[in-house]
Protein chains: 2
Amino acid sequence: MTKTHHRRPVTIDDVARLAGVSRQTVSRAINDKPEIDPQTRDRILRLAQELGYRPSRFARGMVRRDVLTLGLIIADVLNPFFPEVTKGVLDAAEGLGWQVVVHTTGSRHDKERAAAAAVTAQADACVAFLFDPDAIQRLATSGIPFVLLDKGRTPSVPGVRIDFEGGVLAGMAHLVERGHRRIAMLDDRDHYVTGAADTRRDMYLSYARTHRLPVDESWVLPADNSIEGGAAALDRLRAEHPDATAVFAYNDLIAIGATRRAVALDMSVPDELAVVGFDGLMLGELIDPPLTTLHIDKRRLGSLAVEQIAALLATGHPVQETVVVPQLVVRSST
Amino acid sequence: MTKTHHRRPVTIDDVARLAGVSRQTVSRAINDKPEIDPQTRDRILRLAQELGYRPSRFARGMVRRDVLTLGLIIADVLNPFFPEVTKGVLDAAEGLGWQVVVHTTGSRHDKERAAAAAVTAQADACVAFLFDPDAIQRLATSGIPFVLLDKGRTPSVPGVRIDFEGGVLAGMAHLVERGHRRIAMLDDRDHYVTGAADTRRDMYLSYARTHRLPVDESWVLPADNSIEGGAAALDRLRAEHPDATAVFAYNDLIAIGATRRAVALDMSVPDELAVVGFDGLMLGELIDPPLTTLHIDKRRLGSLAVEQIAALLATGHPVQETVVVPQLVVRSST
DNA sequence: TTGAAAGCGCTAACAG
DNA sequence: CTGTTAGCGCTTTCAA
């Protein structure tokens, strides 16, 4: 029985030598080229199999630049927002024959930088959700096509823009229409802390000012980006602004946490507290009461990003900016 | 302004030439080696940056086998089961400095084969959920470390085993304890159709036989692996076995669909119909009524798989089989 | 501290 | 149909 040495992998030359042919012939067999005798091909293939030969992707990559590797950087696979975007990215990438390497950051700046560095070194293009300016900068200047899906901010980097302005406007208008004035906002802590120019918080504040709502910045409460975070934020809201009648949440996860907490505290939703989310997660339809939200087509977001990469790759210039518009979906939480 | 030709990427030789040094010196600068004059290093680094030089990962890979690429094959990112496993895999992989390429198959055999082929060609190791025997075979004989997470079946491939036998037993016993005898099973259609030796269905049947439950194979209904699938299956169950008092579902998604449909039909859950799921998704806690389920530690599943790969890589031999045991979590659906 | 030579494993292009 | 030659872009010797 032919045992291979454990460490040194089998190369094309090994196969060639043992088959008594040139390495070129082995190459032809492996790559199923027509110009080869079917018999020798079979023989070589069998031998290669037997030896456990696998062509080195590096050596191949050097001579043929065919498979494209796309880096995808997201915050957290457990936040259902990201799997949906990922679905869009993976499907689009698969259609193009690209492979996708996924990195998660937990929204932590150090991990964002690490992911950016890894992608820069190992991928040919990148689609990312990123906060850290250094990480963004690094990718933007790395020379590889790069599309930011930063859910709102629009630096001088190509990306798919989500129309948060329109979304917040629609959500707030909906609440006001329902008679609410004392509307609080539960913001994502990460955005809150970095003081990033987050459109959702800004738009909330600006809407409140324009419409002379009786609220100020103290009505914006930071929440961990999770169901538990939303619940905790609701507790704080009850302590700090017990007279709030409605909540506009950074996203569905936070909204759901707040809703559940409110219900658990025997508050009636929407009568005593109305809640609006943002994202349109499937989750929102399943809970009780079902969540009113601004629905984003997340799969489309992902596939559009890949399309932009493809355009970037083909033309060298970003295509015209694409916008995804959130749709207000009214359910029973308002 | 120095413009690079659009197509031909900048190489280390380009940088060397323009810097007036040997390519070796550039290499030293890029890789931050000590044996280089700090001044020249800075100069080279600046120039490299300016030229947009990025070391080719292929050329690097040829001479240093450092970054390890792990292929992860899952069925569907949108099924919340998989993001959790993925989380475990990504975290463990990150800890080891590995990068992860993700493939999804939608449980379709052709896509499973394609994913297996892609991984074989492009990755150094693989963790996968796979049904198709060819795909499994291909990966198993590919020569790369391979761990199957097939959620139950145990071919002669290393993997983390989920103790489905124990899980089904616990779930069925729980229902019987609650007084149920006419218990139906909502099986995953993919398993059902392929007639794969799926432990859940088999164990259900065997349990029913042993305990002389008044059910037979017609009480196993196929369902699409989704909430809608569970709902549709419940409709069929109502038509075919209206006297069923309990449902044991293939997984939480199907269980949740069945539960919601039952509630929508004004059946009381658990009084008129008790439901047990399998997986322990977060989702199950959020719906009304909260779902009784067999909870699997999915993140652990993922991290254990990576550990097995690491062991395989280090020793060449699979470690002793690892088992993840589902825990019965009783909530209000039973 | 720097450079020259050699080679990683593979395929494209050209001979035969 | 098969073999030879060249070279992909990089790092690792080894010399200077």
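What follows describes a predicted model, beginning with the contact between the two protein chains.

## Contact between chains A and B

In the interface, 31 residues of chain A are in contact with 31 residues of chain B. On the chain A side, at least two residues each are supplied by H4, helix H5 (81–96), strand S2 (99–104), helix H6 (109–122) and helix H13 (283–286). By residue class, this side of chain A divides into 16 nonpolar, 10 polar and five charged residues.

## Relation between the copies

The same surface serves both copies, since 100% of the contact residues of chain A recur in chain B.

## Surface near DNA strand C

Around DNA strand C there are 24 residues, of which Ile12(A), Ser27(A), Ala59(A), Thr25(B) and Asp37(B) come nearest. Two or more residues are given to this surface by each of helix H2 (23–30) and helix H4 (57–63) of chain A, and likewise by helix H2 (23–30) and helix H4 (57–63) of chain B. The residues of this surface comprise 10 nonpolar, nine polar and five charged.

## Surface near DNA strand D

DNA strand D also has 24 residues around it, and those that come nearest are Gln24(A), Asp37(A), Ile12(B), Ser27(B) and Ala59(B). The elements giving two or more residues here are H2 and H4 of chain A, together with H2 and H4 of chain B. This surface divides into 10 nonpolar, nine polar and five charged residues.

Methods. Residues are numbered from 1 along each chain as its sequence is written. Chains are lettered from A and ligands numbered from 1 in the order in which they are written. This is a predicted model: local features need pLDDT of at least 70, side-chain atom pairs count only at pLDDT 80 or more; totals for chains, interfaces and linings use all residues. A residue is near a molecule or strand if its C-beta atom, placed from the backbone, lies within 6 Å of it. Helices (H or I, at least four residues) and strands (E, at least two) are DSSP runs, numbered from the N terminus. Ala, Val, Leu, Ile, Met, Phe, Trp, Tyr, Cys and Pro count as nonpolar, Asp, Glu, Lys and Arg as charged, and the others, Gly among them, as polar. Two residues are in contact if their C-beta atoms, placed from the backbone, lie within 7 Å.
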